[in-house]
Amino acid sequence: MVSTNGSRVTPTYEVVIIGAGLGGIGAGRALRRARIENFLIVDKWPKVGGTWLANTYPGVAVDVPSPVYNFSFQPRSHWSRLFAPGNEIQRYAEEVVDKQGLRDKLRLGAGANGAAFDEANDLWRISLDDGTELTSRFVIGAVGGLEQPNNPPIPGIENYTGKIMHSSRWDHDYDYRGKRVAVIGTGATALQLIPEVAKEVSQLTVFQRRAIWIGPKPDFAMGRVLNGVLNFPPLQYSVRFLGNIGVNAGLGAGLTLFNYPRLTSTALTLGETALKGYLFTQVRDKRLRRKLTPDYRLGCKRPSISNNYFKTFTQPHVDLITDSIERFTSTGIVTADGVERDFDMVVCATGFKVMEKGYTPPYPIYGRDGVELGEWWDANRFQAYHGVSLPRFPNSFLITGPYGYAPGSYIPLIEATSAHAARAITEARRRGATRVEVKQEPHDRYFARMDERAKKTHLFSQGCITSNTYYINYQGDGAAFRPSTQFEMWWDNHHFPLDDYRYTAVRPLVTADNGSDAAAPAPVP
């Protein structure tokens, strides 16, 4: 697997991409566009698609319009609905792999479980689940943020004898029709899942910690005519461009107007009034409507859209419980008011562990001097230069790192950070460098700028901290988002100063004074 050239070790691959979701696919295309061909994409799943392969719960669909949710280099002109179901997004991922010629770059069914930087040879050693080790000069981490299920730490959950599953690990062999089912959580996943499950069960009980802001979903079947119109390239690109602007404005307005708090507050108030009006049209029962009305500002969590979520709770076999869960029993759940309810199945629609210790990254990564990335982030706060790279972790790049994602569609993020990684690698190749590492000063400057901006947003000034939003992590930071427009995100990742990185070349191994072999990097102009 590893070849030697004199006393130096040469990696098998120039780049290994970890993750074959849309992030890994986008990174692979960026490398190919940069004429980098010796790369491999690895993933634990048997197919590509990442989150769109893992999440197959009833009702799963993209919450960004389908004509927008695709790569700029390969727009798709045929969708069944404006908001396509998840299996269509997974099929789109397969289409991109084939059209971009990435099929022979895949190694599926064996994900990474650890990585360490070999300082003597300026390469990464990546261990896989099947026991093999890969070596590469560079590594791109494309493990998405919605990867590690957040199973609720409820006392007694291990004693429950009924069927229990997390929404991202749906068991299609289990028939829940006609059964008593509980759903824990009312976030973006539950929003899609609850109306579909309610159609099949005899009793549905939903446990809600915090209500969510919901607007109407302008969804409809695309049909042959609309898909045919979208197949006209100039119109297709125009729709995608304008759609991304609209999505960025809708999802990120409150985060990008951080210098205008009064304007932000006014805009949020108008939005909240409109959404309360929508809730009124769906639910006339005042008591139920009060339960479904959030007690935090619009934008604290990712806004959601649905045409049938609210109405589901007006059905006689659906209950909404707002008392906190005290514990599981062998047959059900006990709430704080002492009431015990029995269930045949419990669904944990409780989201994912985002920017949490031990889960971001989901495996140990050791950089220079034996520094482990997760431990370093835990001790020093989550941070990364444009969400892509960190000092002490040379030749390593991220697709969805801290302070990288400007709210909107994830596709522009993937294209921006992939371009960043490819640009840095290309420059290292041009200089004949075997090591490229972001310098401390520009990294720290970016982190300070993003942290200052984030703290000025409404997330930290208008009651969002208590809303249990994943935008704010356990350290009290807004590391999951970049407080900027997506245009700024795109521009900065395509035009960052190349000298914000340090480029060096490994020297041949020499014998140190103590008799051991040693190597030192030499600066590359």
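Q: Exposed means over 50% relative accessible area, buried under 20%, and partly exposed in between. Is Phe 487 buried or exposed?
A: Happy to start here, with the reminder that this is a predicted model. The relative accessibility of Phe 487 comes to 58%.

Q: What kind of aromatic pair do Phe 487 and Trp 490 form?
A: Two residues of helix α13 (residues 486–495) are involved, and being 3 residues apart they are separated by about one helical turn. Trp 490 is partly exposed, at a relative accessible area of 37%. Their ring centres lie 6.2 Å from each other, with 25 degrees between the planes. Planes under 30 degrees apart put a pair in one class, so the pair of Phe 487 and Trp 490 is stacked.

Q: How are the rings of Phe 207 and Phe 343 arranged, given their centres and their planes?
A: A pair of aromatic rings is described by the distance of the centres and the angle of the planes. Here the centres are 6.0 Å apart and the planes stand at 85 degrees. An angle over 60 degrees decides the class, so the arrangement of Phe 207 and Phe 343 is edge-to-face.

Q: How many residues apart are Phe 207 and Phe 343?
A: Both are buried: Phe 207 has a relative accessible area of 4%, and Phe 343 has 5%. Phe 207 belongs to strand β11 (residues 203–207), whereas Phe 343 is in the loop between β17 (340–342) and β18 (345–348). The pair thus links distant parts of the chain, and the number of residues apart is 136.

Q: Where does Asp 122 lie?
A: Asp 122 has a positive phi of about 50 degrees although it is not a glycine. Its relative accessibility is 0%, so Asp 122 counts as buried. As for location, Asp 122 sits in the loop between β6 (112–118) and β7 (123–128).

Q: Is Tyr 403 buried or exposed?
A: Tyr 403 has a positive phi near 55 degrees, in a residue other than glycine. Its place is the loop between β20 (396–398) and α11. The relative accessible area of Tyr 403 is 0%, so this residue is buried.

Q: Which ring does the charged end of Lys 105 sit over?
A: Charges over rings turn up in this model, and in one of them Arg 76 lies over the face of Trp 79, 4.5 Å from the ring centre. For Lys 105, the distance to the ring centre is 4.9 Å. The ring under its charged end is that of Phe 39.

Q: What radius of gyration does the chain have?
A: The chain contains 13 helices and 25 strands, and its C-alpha trace spans about 80 × 55 × 45 Å along the principal axes. Of its residues, 55% count as buried. A compact globule with 525 residues would have a radius of gyration near 24 Å, and the chain agrees with this, at 24 Å.

Key. Residues numbered from 1 in each chain as written. Predicted model: local features only at pLDDT ≥ 70, side-chain atom pairs only at ≥ 80, totals over all residues. Heavy atoms only, no water. Helix = DSSP H or I, 4+ residues; strand = E, 2+ residues; numbered from the N terminus. Buried < 20%, exposed > 50% of the residue type's maximum accessible area, 1.4 Å probe, protein only. Phe/Tyr/Trp six-rings, centres within 6.5 Å; stacked < 30°, edge-to-face > 60°. Lys NZ or Arg CZ within 6 Å of the ring centre and 35° of its normal. Rg over C-alpha atoms; globule rule 2.2 N^0.38 Å.
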